[in-house]
Amino acid sequence: MKLFSSVNNVNDINALVKEGLEIKKNPFAFQHLGKNKTIGLVFMNPSLRTRMSTQKAAMNLGMNVMVLNIDKEGWALELRDGVKMDGATVEHIREAAAVMGQYVDILGLRSFPGLKDREEDYGEVIFNKFVELCGVPVVSLESATRHPLQSLADLITIEELKTKPHPKVVLTWAPHVKALPQAVPNSFAEWMCKADVDFTIAHPAGLELSTAFTQGAIITHNQDEALQDADFIYVKNWSAFEPYGKVIPGNEDWMLTNEKLKNTNNAKIMHCLPVRRDLELSSEILDGPNSIVIKEAANREWAAQAVLKKMLEGL
Ligand code: CP
């Protein structure tokens, strides 16, 4: 595997999920693969889970790990071609990405969207420039439009905890005060549409995701109807696709509570984290028996390790 930026880079998602669960049972079995290999984890935005789980996964595989919080510790990057660099930027992405590729065997990159220019964000301009210029395999640590390591961990979690072969999975929008990217819901939808699940997306009117990610999903504006008989509920806020990056006011009653679980199949509640308590998701759910958010976060390690193992095997 030379690139992991979406579900489209995976030949067989069920085999990758199985690989993650096997690695979980025996995390240090493949340390020979990473011996004398180095991964660089480059963050243009903050992270807790992605940074720690990917670093741990790489160490489990015997790799050396370098982390660069380039937003805080690196030179200010110029991302545009054809401009005279007489402003605040100090180093062009062309040199920066190429140099990084000299030091590492695999590059991980986190690059959030600006949420101002949809064409630029959905064109994955920054992420694709790194892929083009660094010259080594690249794993997405969340890009402008997708978060595939999160989605793989989510699918591993569903596979691990499901009690029937074809569970009902519901992605439900949740309130928030800030404009958040669509990367997590896009990616989750894209993976669920390829998984062996019955998949529904519920959100208020005006918060439709791009149809490029939701082919095959049932989509509704009625949250109660969507939650009926749900086995897994994935809670997530996202800002509007149109008008792009906007917060749609109202809809505070979409926050999930124990009361809303009464017609579900004792649904297990998921969230990628970080989560704003009692705004996006109620404390009673997060602290209650239905929440599996910590198990889900723990599975980030095995998702990352399954992907890095595939990349190391291809070096
Ligand atoms: N879920 C997730 O990606 O968490 P971080 O942003 O903390 O890495």
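Which domains does the domain assignment of the protein give? It gives domain 1, made of 3-146 + 299-313, and domain 2, made of 150-297. Those bounds come from an automatic or database domain assignment.

Before I go on, two notes on what you are looking at. This is a predicted model: local features need pLDDT of at least 70, side-chain atom pairs count only at pLDDT 80 or more, and totals for chains, interfaces and linings use all residues. Residues are numbered from 1 along each chain as its sequence is written.

I'll start with how the two domains meet. Their centres, taken over C-alpha atoms, are separated by 25 Å. In total, 24 residues of domain 1 are in contact with 26 residues of domain 2, where contact means that the C-beta atoms of two residues, placed from the backbone, lie within 7 Å. On the domain 1 side of this boundary, helix H1 (13-25) and helix H13 each supply at least two residues. H1 gives the most to that side, with 5 residues. Helices (H or I, at least four residues) and strands (E, at least two) are DSSP runs, numbered from the N terminus. By type, the domain 1 side divides into 13 nonpolar, 5 polar and 6 charged residues.

Next, the core. How many residues does the largest nonpolar core have? It has 87, and Leu107, Ile233 and Val307 are those with the most contacts inside it. A nonpolar core here is a set of buried Ala, Val, Leu, Ile, Met, Phe, Trp, Tyr and Cys residues joined through C-beta atoms within 7 Å. Buried means that 20 or more other C-beta atoms lie within 10 Å of a residue's own; 12 or fewer is exposed, and in between is partly exposed, with C-beta atoms placed from the backbone. Helix H13, residues 300-313, gives the most to this core, with 8 residues. The core draws at least three residues from each of domain 1 and domain 2.

Take Leu107 as a case. Leaving out residues up to four places away in sequence, Leu107 touches Gly40, Val42, Met100, Gly101, Phe130, Cys134, Val136 and Val138.

Back to H13. It has 14 residues and reaches 20 Å from its first C-alpha to its last, close to the 20 Å expected at 1.5 Å a residue. The expected span is 1.5 Å times one less than the number of residues. Of the 14 residues of H13, 13 are buried, so the helix is largely enclosed by the rest of the structure.

Among the buried ones are Pro148, Leu152, Asp154 and Ile158.

Now the record. In an unreviewed entry, UniProt lists residues 10-160 as "domain: Aspartate/ornithine carbamoyltransferase carbamoyl-P binding". Over that stretch the chain is 48% helix and 16% strand. The entry also lists residues 184-309 as "domain: Aspartate/ornithine carbamoyltransferase Asp/Orn-binding". There the chain is 27% helix and 13% strand, with the end C-alpha atoms 23 Å apart. UniProt positions are in the numbering used here, feature names are shortened, and annotations may be inferred rather than shown by experiment.

Last, some backbone details. Most residues other than glycine have a negative phi, and most peptide bonds are trans. Which peptide bond ending at Pro243 is cis? The one from Glu242, with omega near 0°. Pro243 lies in the loop between strand E11 (232-236) and strand E12 (268-270). Another cis bond joins Leu273 and Pro274, with omega about 5°. Pro274 is in the loop between E12 and helix H11 (283-286).

That loop between E12 and H11 is also the place of Asp278. Asp278 has a positive phi of about 60° although it is not a glycine, and it is partly exposed, with 13 other C-beta atoms within 10 Å. Asp229 has a positive phi of about 65° and sits in the loop between helix H10 (223-227) and E11.

How values were computed:
Ala, Val, Leu, Ile, Met, Phe, Trp, Tyr, Cys and Pro count as nonpolar, Asp, Glu, Lys and Arg as charged, and the others, Gly among them, as polar.
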